[in-house]
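The sequence and the structure are shown first, and the account follows.

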2 protein chains.
Amino acid sequence: MPQSKKFILQENDIPTQWYNVVADMPVKPAPMLNPQTGKPMVAEDLYPLFAEELARQEMNSTDAWIEIPEEVREMYKIWRPTPLVRARGLEKALGTPAHIYFKNESVSPVGSHKLNSAIAQAYYCKKQGVTNITTETGAGQWGAALSLAAKHFGLELAVYMVKVSYHQKPYRRSIMQTYGAQVIASPSMSTKAGRKILTERPNYQGSLGTAISEAVELAMSTPNCKYTLGSVLNHVSLHQTVIGLEAEKQMEMAGEYPDTVIACFGGGSNFSGIAFPFLRHKFDGSRQTTFIAAEPESCPKLTRGAFRYDFGDEAGYTPLIPMLTLGHDFSPSNIHAGGLRYHGAGSIVSKLKADGYIDAVDIPQLETFKAASLFAATEGIIPAPESSHAIAATIRRALEAKEAGREEVILFNLSGHGLIDMASYDRYFAGDLANYSVTDDEIKANTSNLQEI
Amino acid sequence: MPQSKKFILQENDIPTQWYNVVADMPVKPAPMLNPQTGKPMVAEDLYPLFAEELARQEMNSTDAWIEIPEEVREMYKIWRPTPLVRARGLEKALGTPAHIYFKNESVSPVGSHKLNSAIAQAYYCKKQGVTNITTETGAGQWGAALSLAAKHFGLELAVYMVKVSYHQKPYRRSIMQTYGAQVIASPSMSTKAGRKILTERPNYQGSLGTAISEAVELAMSTPNCKYTLGSVLNHVSLHQTVIGLEAEKQMEMAGEYPDTVIACFGGGSNFSGIAFPFLRHKFDGSRQTTFIAAEPESCPKLTRGAFRYDFGDEAGYTPLIPMLTLGHDFSPSNIHAGGLRYHGAGSIVSKLKADGYIDAVDIPQLETFKAASLFAATEGIIPAPESSHAIAATIRRALEAKEAGREEVILFNLSGHGLIDMASYDRYFAGDLANYSVTDDEIKANTSNLQEI
């Protein structure tokens, strides 16, 4: 008897509202602080940097549901709703009694979930009359998504791409250029922040923190230009909740509810997207779901970071964010999951972790590629190195369920495919990749001076 | 008022039968001939080369409907059914009254329609107890698809990849290797056919015809090994009809019927897949649909080739196929649409073209990249260089409809995405690409000695 593998929604199932988890949190995150005055930021303080509507969404702690503009929803129809898939091939290979589901966000035209927020951000900038936008990108997933969105809404876009990824993933740069964006390897000589770093550390291969500094600086010094960010911030998490809201409907179609929800973790955008809609049933006590953020062993802010006020960028241009952090001076190793090379977690996720609503695991690079290879062989999809962290965490959990004889229902987010990351796979199969760890001393050195929350 | 952009089917809408167009053709194609005896081939003659069930499908001219095995249909569920999309963005950019729809076969995990036949071929080989299979690939779309299918069914696979694409598209090679296939640049020194060419033309960058010779030779000289082909042959077209059968249901959902069906053309697999199911309503006179195969200006077998018996490969290992051909010695230019660099068309399509059921256009390379760029900007998807030929033909047609004020319904097949072809786009935007044409003398020189049908 054939069984459903995919659970497929129609266009009218695309959510009409985003879910703002802050409104339902029993204890809200501490506010961002103005680094000059030490005072809590209000939405208006962010207007110079972000489109005003995005600044208001960032600070909104009262409305649980935010209307999705029709223009954004129309553009979501290019690829949404995305399928929910029962990973029967992976289950069989593991011999686990667990039921494994994944939300396949890799079907977007740029290959990842990032487009969910890129469209919203470009839309609000355009609506406000902004002509130019800037951003940073790690592996290039966010940059590619924003390039497509900027092209659609007729915005000029400059992307600072972390240098190590610029060279590891030249095709992502090509994709951005095909959509009309200007791409600059970061650190660059085009900003003060970039020049400072390049004179102090001439061979520095960059980090998301540095690229953010450059993008922020360019936005602040260009007329009618706003900055956009692909993760970390509350409004980005908000836009990504379409993932979990769709998945909730699809789990209903499958007749199950997840015991465990898993996603990889860089700044938090895809984790928040799949987790927050399910979290609201944990707040009200109706469900006891376990949430697991899977981060790289080489960048373990959730599992080993300090809970402090820290800058979102390397140069210290951003507000102070209450975050689990490795310190904004932390230099992550050159792992191939470029989208996870970020020093901190957003304020919502950090607070949820501190208050015990979510868990985290850190995973060595080689384990992620091994998991990815098994997933490709059994489910047919070559995952992005970032998403492979979620797969590795899922496999660990499914094997524990096997050990315990537990029919656990696991849902993970496949945030993107790896077709643009094949050079990483080549290096893995050639035996050229390694694991990277971080010492406690290194973390302490980078976080001990940060302000307590 | 928001309108549907995509028309989405459920898993139980995946066809349960393939459509065999030969059964309904008013005049059947001439049979393939044994080159030694000059006699028509029967299925048994193909058993040494192909899995027996595939050989029987190849020769089946009586059964219009062939059951899809449950194991194949289960694997189709990894990504099928695929969406039908109304290209409203492209329509608007062209200012055309035409309604443009595309079937989005790019959503498969390997990025193209090729998986539809790869799964079927690997399945029938496995079922017969075959352990090793060989094939050729141009741009790598077919090779990637077969690698995934071979991995799923536990078959060893060797792929001869046309040398020009092997270097232009290294990521496709990586994808094949990730799925466990062995990939050899063709021409190679591993076969007699390869050695012969490499000694005569040391810098030859290869062609599909040469790669087929190598793959056939390896299959014939290896125990328990069969050869598989990604296009040209009748059984490949048969498997691809899931595309058109789904599209037919989806056009019904949209409340329209295509006036014009368009697909790019290399050996015929994606063209046949979308066209044949609609063609059956032209045979019985109930519909007057126009079918357009879009081929490269540099490889114009349908528009300018000779209708002759010719070999399917360069070395002359295959049966003689009644085809529209540029001659098996024809060396196509190094265009980036590697999947369209093939000298001949399959016997069914050739006969349909000769009998006036289908039309063809040939399109210069630069026009295809221009069309692809407009499509990426308006529909968000970066198309494969092959598929861009269908887009260019669609744009031509939509602009003619605008000129004539005609509300034509156009359906084209987006056979694949171009995320692995970004180096081609880089070269296009850098102004490094050119058009390539073929002289009548060149065609005549390569076809004048071929046997009349």
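Helix H10(B) is mostly covered, with eleven of its 13 residues buried; buried means under 20% relative accessible area, exposed over 50% and partly exposed in between, with a 1.4 Å probe and protein chains only. The model is predicted: local features need pLDDT of at least 70, side-chain atom pairs count only at pLDDT 80 or more, and totals for chains, interfaces and linings use all residues. Residues are numbered from 1 along each chain as its sequence is written, chains are lettered from A and ligands numbered from 1 in the order in which they are written, and side-chain values use heavy atoms, leaving out hydrogens and water.

Among the buried residues of H10(B) are Leu208(B), Ile212(B), Glu214(B) and Glu217(B). Helices (H or I, at least four residues) and strands (E, at least two) are DSSP runs numbered from the N terminus. The buried residues of H10(B) pack against the elements of chain B tabulated here.

| Element of chain B | Residues |
|---|---|
| Strand E6 | 132–137 |
| Strand E7 | 156–162 |
| Strand E8 | 182–186 |
| Helix H9 | 192–200 |
| Strand E9 | 225–227 |

The end C-alpha atoms of H10(B) are 18 Å apart, which agrees with the 18 Å that its 13 residues should span at 1.5 Å a residue; the expected span is 1.5 Å times one less than the number of residues.

The account now turns to the two chains together. Contact, meaning heavy atoms within 4.5 Å, joins 41 residues of chain B to 41 residues of chain A. The two chains bury about 3,700 Å² between them, 59% of it on carbon and sulfur atoms; buried area is the accessible area (1.4 Å probe) that two parts lose on being put together, summed over both. In chain B, Tyr171(B), Thr178(B) and Leu419(B) lose the most area to chain A, together 18% of what that side buries.

Two salt bridges are found across this interface, a salt bridge being a side-chain nitrogen of Lys or Arg within 4 Å of a carboxyl oxygen of Asp or Glu. Lys6(B) and Glu11(A) meet through their side chains in a salt bridge, at 3.5 Å from N to O.

In chain A, Ser231(A) belongs to the loop between strand E9 (225–227) and helix H11 (234–240). Ser231(A) is buried, with a relative accessible area of 10%. Not counting residues up to four places away in sequence, Ser231(A) touches Lys114(A), Val236(A), Gly267(A), Gly268(A) and Ser269(A).
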